[in-house]
Amino acid sequence: MEKNSLMNNAEDKGIIRIVTVIAVAVPIVVAVLLFMPTKLDLASDWVYFLPHLNAVINTAATIALIAGLIFIKNKNIQLHRASMTTAFTLGAVFLVSYVIYHASAESTSFGGEGWIRSVYFFILITHIILAAVALFPILLAYYYGYTDQRDKHRKVVRFAYPIWLYVTISGVVVYLMISPYYSF
C-alpha cells in the first residue's frame with residue numbers, strides 16, 4: 001500500500017469520526033429543542049417568518065440536487081460540484097433556521113381530517129426519520145466528493161442522494177400541508 005493511501009485512510013477515519021459525532025449530535029439537539037418545555041424568548045416575532053423561508057430553502061436545495069444529478073449525468077463535474085455545494089450550503093442554512101424556529105416557537109398542529117391526515121403523518125414521519133438518518137451519508141458523500149475519492153463518493157451517493165432528495169421534497173410538501181394551520 002502506498003504512503004499516500006495510508007495517509008488518506010487515517011485521515012478518512014478521523015473525518016468519519018467527526019461525521020459520526022455531527023450526525024448523532026444534530027438530531028439529538030433538534031429533538032431537545034422540539035420538546036423543550038419552555039421555548040427561548042428571542043424578543044421578537046421575526047421567527048414566524050422562518051417556516052416560509054425554510055420552504056424556499058428546501059425548494060432551492062431540491063433544484064440544486066436535481067441540477068447536480070443532471071450535470072454529473074452529462075459529465076460536467078465542475079457544475080455538479082457547484083450544484084452539490086449549493087445544496088449542501090442551503091441544507092446548512094436550513095438547519096440553522098429550523099433550529100432557531102423550533103427553539104423559540106411552539107409547533108403547529110395539523111388540522112386536516114380524514115384520509116389526508118394519514119397522508120400528512122406518513123409524509124411527516126418518513127421525512128423526520130430520513131432527515132435524521134440522512135445527515136451521516138450526506139456528510140460522507142460530500143467529503144468524498146470534495147476530496148475527489150470518486151469510488152467512495154459513488155458508493156455513498158447511491159444511498160445519500162435519494163434520501164436527501166426525498167427529505168427536501170417532503171419538507172416542502174409538509175410545509176404546504178400544514179401552512180393553512182399556522183396561527184401567525
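From the N terminus on, the elements of the predicted model run α-α-α-α-α. The secondary structure comes to 5 helices and 0 strands. Helices (H or I, at least four residues) and strands (E, at least two) are DSSP runs, numbered from the N terminus. Along its principal axes the C-alpha trace spans about 60 × 35 × 30 Å. Residues are numbered from 1 along each chain as its sequence is written, and side-chain values use heavy atoms, with hydrogens and water left out. As the model is predicted, local features need pLDDT of at least 70 and side-chain atom pairs count only at pLDDT 80 or more, while totals for chains, interfaces and linings use all residues.

Helix packing was examined next. Two packed helices are described by the angle between their axes and the distance between the axes. Axes are lines fitted to C-alpha atoms, for helices over the stretch in contact, and angles run from 0 to 180 degrees between N-to-C directions. The axes of H2 and H5 come within 9 Å and cross at roughly 150 degrees. This crossing is left-handed (the near helix is turned anticlockwise from the far one by less than a right angle). On the H2 side, the contact (heavy atoms within 4.5 Å) includes Pro51, His52, Leu65 and Leu69. Among the H5 residues that they meet are Tyr161, Trp164, Ile169 and Tyr175. By class, the contact of H2 with H5 has 12 nonpolar, 6 polar and no charged residues. Here Ala, Val, Leu, Ile, Met, Phe, Trp, Tyr, Cys and Pro count as nonpolar, Asp, Glu, Lys and Arg as charged, and the others, Gly among them, as polar.

H3 and H4 pack at about 145 degrees, with their axes 11 Å apart. Their crossing is left-handed. H3 contributes Arg81, Met84, Thr85 and Phe88, and H4 contributes Ile138, Leu139, Tyr142 and Gly145. This contact divides into 5 nonpolar, 2 polar and 1 charged residues.

Pockets were located on a 1 Å grid over the protein atoms alone. A pocket is an open set of points where a 1.4 Å probe fits, with protein on both sides within 12 Å along at least five of seven lines. Lining residues have an atom within 4 Å of a point. Grid points are joined across faces, edges and corners, and a volume is the space filled by probe spheres set on the points. The largest pocket holds about 1400 Å³. It is lined by 48 residues, and the closest to its centre are Val30, Phe94, Tyr98, His127 and Ala131. H1 (3-34), H2 (50-73), H3 (77-104), H4 (115-146) and H5 (150-178) each supply at least two lining residues. H4 gives the largest share, 11 residues. The lining has 36 nonpolar, 10 polar and 2 charged residues.

The second largest pocket holds about 650 Å³. Of its 24 lining residues, Ile72, His80, Gly145, His153 and Val157 are the closest to the centre. H2, H3, H4 and H5 give two or more residues each. H5 gives the most, with 7 residues. By class, this lining has 13 nonpolar, 6 polar and 5 charged residues.

Aromatic pairs were counted last. Rings of Phe, Tyr and Trp (its six-membered ring) pair if their centres lie within 6.5 Å; planes under 30 degrees apart count as stacked, over 60 as edge-to-face and the rest as tilted. The count comes to 9 aromatic pairs. Phenylalanine 110 and tyrosine 120 form a stacked pair, 4.1 Å centre to centre with 5 degrees between the planes. Phenylalanine 110 lies in the loop between H3 and H4 and tyrosine 120 in helix H4, so the pair ties together parts that are 10 residues apart in sequence.
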